[in-house]
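Me: Hey, can you walk me through this protein? I'd like to go bit by bit.

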Amino acid sequence: MTSNPTSTRLTLPGYRRDHEDADPPLDSPEYRSTRLRAPKRPLILLPHLLTEVTGPLLGHERVGPTDHDLTRQHEGEPQGQRIIVHGRVLDGDGRPVPETLIEIWQANAGGRYRHANDNWPCPLDPNFTGVGRTMTDNDGRYEFVTIKPGAYPWKNHDNAWRPAHIHFSLFGRAFTQRLVTQMYFPDDPLFFQDPVLNSIPDPNARRRLISRFDHSRTRPEWALAFQFDIVLRGQLPTPVEEDHDDE
């Protein structure tokens, strides 16, 4: 174990960072929230007991019929540009990962979350909650219908704005098996000053967080489509993050 209690490269049995250049360090100075949440002391291994590895149970029976379509969860239509977000979840060898629970959360078209701490002067959309979930099929495929989120200001640095993005959470067979990442949209002009995206050391790994416009899946007169594949470990993993809040 490292002797430096403030190091972001903490090591211990059972804790492994497979790709130091792909995943952001636990303490990224430009991303101010990590200063408060990164470990200040050596990590302690807490073994998973029966409770952690057996519950709660996560499966398709807990996913409702409109959970994947964030535009149909209320009586009215939400404001903004309707989009389809789809892709596959793959393991490090390119094999599909079936029956994986995926949850997303996002801001509305104006860039505001339905959250008590988000009070910047942008109206809430009464027909958009901004959360959804679905299960991957046997081929590891998933699909969401939602609204393209807007950029929003945050207080990380001077004149700071977050690029449009959607948060993804993937669960394994138990609640402790969870990965969190973000999906960005192509050609966003705010990439240059986003410390969350730029905390990833490898530029090639950063690009794996940017979705691809998919005209073939666009529905005429209905919705644009974006493809976002998630690779678990291997040589080209999707970068994952610690559970930090944006603000």
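Me: In what sense do β7 and strand β8 pair, and over how many bridges?
Reply: This is a predicted model, so keep that in mind throughout. In it, β7 and strand β8 (residues 178–184) run antiparallel, and they pair over seven bridges. For one example, Ser169 has Val180 as its bridge partner in β8.

Me: And how many bridges join strand β2 and β7?
Reply: Five, and the sense is antiparallel again for strand β2 (residues 101–105) and β7. Here Ile104 has Phe168 in β7 as its bridge partner.

Me: What stands opposite Ile104 in β3?
Reply: That would be Gly132. β2 and β3 also pair in the antiparallel sense, over five bridges.

Me: OK, what order do the strands of that open sheet have?
Reply: It's an open sheet of four strands, in the order β3-β2-β7-β8, with antiparallel pairing. β3 (131–135) and β8 stand at the edges with a single partner strand each, so each has one side left without a neighbour in the sheet. On average, neighbouring strands of this sheet are turned by 20 degrees against each other, ignoring direction.

Me: Back to β7. How many of its residues are buried?
Reply: Seven of the seven, so β7 is largely enclosed by the rest of the structure.

Me: Which residues are on each side of β7?
Reply: His165, His167, Ser169 and Phe171 are on one side, while Ile166, Phe168 and Leu170 are on the other. Both faces are covered, and those residues are all buried. As background, side chains in a regular strand alternate between the two faces of the sheet.

Me: Let's zoom in on Ser169. Is it buried or exposed?
Reply: Ser169 is buried, at a relative accessible area of 0%. You'll find this residue in strand β7.

Me: Which side chain has a polar contact with the one of Ser169?
Reply: The side chain of Arg178, at 2.8 Å.

Me: What else is Ser169 in contact with?
Reply: If you leave aside neighbours within four places in sequence, Ser169 is in contact with Leu101, Ile102, Glu103, Trp105, Arg178, Leu179 and Val180.

Me: Switching to rings. How many aromatic pairs does the structure hold?
Reply: There are 10 aromatic pairs. One of them is Phe144 with Phe168, an edge-to-face pair at 6.4 Å centre to centre, with 85 degrees between the planes.

Me: Which parts does that pair tie together?
Reply: Phe144 lies in strand β4 (residues 141–147) and Phe168 in strand β7 (residues 165–171), so the pair ties together parts that are 24 residues apart in sequence. Phe144 is buried at 0% relative accessibility, and Phe168 is also buried at 0%.

Me: Why does the pair of Phe213 and Phe226 count as edge-to-face?
Reply: Their planes are at 65 degrees, so this pair is edge-to-face, with the ring centres 5.8 Å apart. The cut-off for edge-to-face is over 60 degrees. Phe213 is in strand β9 (residues 212–213) and Phe226 in strand β10 (residues 224–227), and the pair links distant parts of the chain, 13 residues apart.

Me: How accessible are Phe213 and Phe226?
Reply: Phe213 is partly exposed at 35% relative accessibility, whereas Phe226 is buried at 6%.

Me: Which residues do ring pairs link into a cluster?
Reply: Tyr142, Phe144, Phe168 and Phe228.

Me: What lies over the face of Phe185, and what over Trp154?
Reply: Lys148 lies over the face of Phe185, 5.1 Å from the ring centre. For Trp154 it's Arg162, at 5.6 Å from the ring centre.

Me: New topic: what's the phi of Glu99?
Reply: About 55 degrees, a positive value even though Glu99 is not a glycine. Glu99 lies in the loop between β1 (82–91) and β2, and is partly exposed, with a relative accessible area of 42%.

Me: What about the phi of Asn159?
Reply: Phi of Asn159 is near 50 degrees, again positive in a residue other than glycine. Asn159 is in the loop between β5 (152–153) and β6 (161–162), and counts as exposed at 59% relative accessibility.

Me: Last one: how many helices and strands does the protein chain have?
Reply: Four helices and 11 strands. Of the chain's 247 residues, 43% count as buried.

Notes:
Residues numbered from 1 in each chain as written. Predicted model: local features only at pLDDT ≥ 70, side-chain atom pairs only at ≥ 80, totals over all residues. Heavy atoms only, no water. Phe/Tyr/Trp six-rings, centres within 6.5 Å; stacked < 30°, edge-to-face > 60°. Helix = DSSP H or I, 4+ residues; strand = E, 2+ residues; numbered from the N terminus. Buried < 20%, exposed > 50% of the residue type's maximum accessible area, 1.4 Å probe, protein only. Lys NZ or Arg CZ within 6 Å of the ring centre and 35° of its normal. Polar contact = N/O pair within 3.5 Å; in protein donor to acceptor, adjacent residues only side chain to side chain. Contact = heavy atoms within 4.5 Å. Pairing = 2+ DSSP bridges. Axes fitted to C-alpha atoms, helices over the stretch in contact; angles between N-to-C directions.
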